Amino acid sequence: MLHSTPSMALRTHLFFMGYPKAAISSGIIEDKEHNEVDKDRFAELNAKAYALTNPPVEKATQGELRNYLVRKFGFLHFAEYLGDA
């Protein structure tokens with residue numbers, strides 16, 4: 001269940017990264033900019049980029065953890081931090 005949709009996979013990833021409040025409260029939107037620029041690469045990876053509307057702030061660098069890549073393997077989705085690039 002935790003990896004059945006892109007948003008649930010992203011929320012699960014945030015929770016296990018140590019940001020349970022952001023996992024519950026942040027909105028998730030499709031990152032149209034990254035998806036357009038990297039559409040060929042993302043198509044090969046079977047992935048889409050998503051952004052958080054209220055991202056958590058990393059404790060060490062004070063940077064916002066806003067952009068994530070969600071890859072689909074069969075019927076499961078897995079999220080990873082994409083960075084600010």
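Five bridges join strand S2 (residues 47–52) to strand S3 (residues 67–73), and the two run antiparallel; strands are DSSP runs of E with at least two residues, numbered from the N terminus, and two strands pair if DSSP finds at least two bridges between them. This is a predicted model, in which local features need pLDDT of at least 70, side-chain atom pairs count only at pLDDT 80 or more, and totals for chains, interfaces and linings use all residues. Residues are numbered from 1 along each chain as its sequence is written, and side-chain values use heavy atoms, leaving out hydrogens and water.

**Sheet**
- Four strands make an open, antiparallel sheet in the order S1-S2-S3-S4.
- Strands S1 (28–30) and S4 (76–81) stand at the edges with a single partner strand each, so one side of each has no neighbour in the sheet.

**Salt bridges**
- The structure holds four salt bridges, each a side-chain nitrogen of Lys or Arg within 4 Å of a carboxyl oxygen of Asp or Glu.
- One of them joins the side chains of Glu-30 and Lys-48 (3.7 Å, N to O).
- Glu-30 belongs to strand S1 and Lys-48 to strand S2, so this pair ties together parts 18 residues apart in sequence.
- Glu-30 is partly exposed, at 38% relative accessible area; buried means under 20%, exposed over 50%, and partly exposed in between (1.4 Å probe, protein chains only).
- Another salt bridge links Glu-64 and Arg-66 (2.5 Å, N to O); Arg-66 is partly exposed, with a relative accessible area of 28%.
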